[in-house]
Amino acid sequence: MDTGKHYQGQERGLLWKRPFRRITPFHHNAEEPAWKVMTQADMLREYFPSGHKINDPQYYHNLVKYDQEKKEFFTQEVFRVAVPLQKIITTQQLVHLTGNDIHLELSDSETTKEKQELMRQLQQGWLDKGMERLFYQLCKSVKITGDGAIAFFMQEGKLKAKSLSYLNGDTLYPHYDDNGELCTFIRKYMGRDNGMYETTFIEVWDCHTFRRYKSYNAYSVHGDSVNVSTKGIPEIPGYRLIESHTHPFPYVPVVYHREDSGPCWSFSQDNIDKYELALSALCQNNMAYAFPIMVLRGDDIQINGDIYGNVKAITMGSDDHAEYLSAPQEAENFRLQLDTLLRMIFMGSFTVLPPEVKGGNLPGVTIKLLYSPSIEKAMTDAKAFEISIEKMCRLFQHGYGIEQKALHLYTNLHVISWIEPYIHQNTAELVSSLCNLANSGIISRQTASEHSTFASNDEWQRIKTESKGAANQTD
């Protein structure tokens, strides 16, 4: 149990971060709630069905029975059902959040051809460098383990970026200044020391420098020489500095995002545990009573079987009797319990079960209504990720400008970035709407082309090239 003050007395060094917590029904006083610390390892156990509580005999006990012949007790395994509801919730939230690419657009009302060409190159570089994939990995990490990061760096003059996540074995430690800006970021991970032994490494980014440390262990040589100056660089107990250099970015080149409530299924986790418990009890009951039970009455009954123990024949007298016991019917209250729990799980996580479509394409408004909870969740997530998307774009502009040897030109582009939640849509209806808007003059044909699901990044340039070719042929 944790009240929050427990961590205030601990050493707040570089390898410390605010823990993830869940509030409990207990309290110390009216203004001081009690919290339960939740580790990221706990989140992974909830995500993967093999780690669910239902598989723990201490939570869902096995049956203890007594063998009359051997005169001893024995343990009988019960039927356990672990359902991947957390994965279902995560997948649906990720689809609606990252199903559309991030929008990059010049904010100037009037732009020159040079800026438009730079913007086109920036958008193409964004795709070539895999920024959409990295953003998806960031969102996936946040949805499952509560936090995630993207680190930017330059390698041989080329802009590079990598995803950092507890899913990949990284523990992330962000540190902020008094203004709430990221001033130091630390990644702790396991790696190979000279390709031989696993060793703990620490990578540290600040506003000017990147540093890498390696832990002392039984296999490390403490006296080996490292050509790295440690003057003015803070020490980390148990680690030694093995690399240090300045980076070309004006601030910490890391995009870090954290969800304090933990994984995306946090508010449904209690119902998921109860659902798996009730479903396991139902399956255990079916194992005992689903198959018919034969009752034999009489004094002259003989049962003949084969070598495998299967009953092949039953002989009995004229006064003997044989019948099956009718299996008990599934209780309506039991079915109501399972249906209610499942409904509460999806409501608490804003997840929608795919509706059954009788036939034909559904109108766009109908689709939005059917998936309204998931869309609403994606809209709030898009707002929560706005700061991370903006910093990701600024870091990319700076790094890509260095790579293209045009830093001043790219950093002076006023680019706005945002994400639009993905909504299942009727493609024919979308194309028809864009054509009507363009033909009526409400939007330009270039805008209609850019918003078409079939358009490529340079679609408008292709259209202009084809128009010029057709005009030349006519002349």
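1. Which helices each supply at least two residues of the lining of the largest cavity? They are helix 2 (85–98) and helix 8 (372–384). Helix 8 gives the most, with four residues. Helices (H or I, at least four residues) and strands (E, at least two) are DSSP runs, numbered from the N terminus.

2. A word on the basis. This is a predicted model, in which local features need pLDDT of at least 70 and side-chain atom pairs count only at pLDDT 80 or more, while totals for chains, interfaces and linings use all residues. Residues are numbered from 1 along each chain as its sequence is written, and side-chain values use heavy atoms, with hydrogens and water left out.

3. The cavity. The structure holds one cavity of 30 Å³ or more. The largest cavity has a volume of about 40 Å³. A cavity is a set of points, on a 1 Å grid over the protein atoms alone, where a 1.4 Å probe fits but cannot get out; lining residues have an atom within 4 Å of a point. Grid points are joined across faces, edges and corners, and a volume is the space filled by probe spheres set on the points. The lining consists of Gln92, Gln93, His96, Phe350, Ser374, Lys377, Ala378 and Asp381. By class, two are nonpolar, four polar and two charged. Here Ala, Val, Leu, Ile, Met, Phe, Trp, Tyr, Cys and Pro count as nonpolar, Asp, Glu, Lys and Arg as charged, and the others, Gly among them, as polar.

4. Thr98. This residue is found in helix 2. Thr98 is buried, with a relative accessible area of 18% (buried means under 20%, exposed over 50%, partly exposed in between, with a 1.4 Å probe and protein chains only). A polar atom of the Thr98 side chain lies 2.7 Å from the backbone oxygen of Leu94.

5. The second largest pocket. About 770 Å³ of space lies in it. A pocket is an open set of points with protein on both sides within 12 Å along at least five of seven lines. Its lining has 24 residues, and Arg22, Lys36, Glu46, Gln269 and Asp273 lie nearest its centre. Strand 1 (20–29), strand 2 (32–38), helix 1 and helix 5 (269–289) each give two or more residues. The largest share, five residues, comes from strand 1. The lining divides into six nonpolar, eight polar and ten charged residues.

6. Asp42. Its place is in helix 1 (residues 40–47). Asp42 counts as partly exposed, at 25% relative accessibility. The Asp42 side chain makes a polar contact with the side chain of Arg45 (2.4 Å). Such a contact is a pair of N or O atoms within 3.5 Å; within protein, one must be able to donate a hydrogen and the other to accept it, and residues adjacent in sequence count only if both atoms are side-chain atoms.

7. Five strands form it in the order 8-9-10-11-12, with antiparallel pairing. Strand 8 (171–176) and strand 12 (239–246) stand at the edges, each with a single partner strand, so one side of each has no neighbour in the sheet. The twist averages 20° from one strand to the next. Two strands pair if DSSP finds at least two bridges between them. Ten bridges join strand 9 (residues 182–193) to strand 10 (residues 197–206). Phe185 has Trp205 in strand 10 as its bridge partner.

8. The hairpin. Strand 3 and strand 4 form a hairpin with four residues between them. Five bridges join these antiparallel strands. Asp67 stands opposite Glu72 in strand 4. In the turn, Lys71 has a positive phi of about 55°.

Definitions and conventions
Axes are lines fitted to C-alpha atoms, for helices over the stretch in contact, and angles run from 0 to 180 degrees between N-to-C directions.
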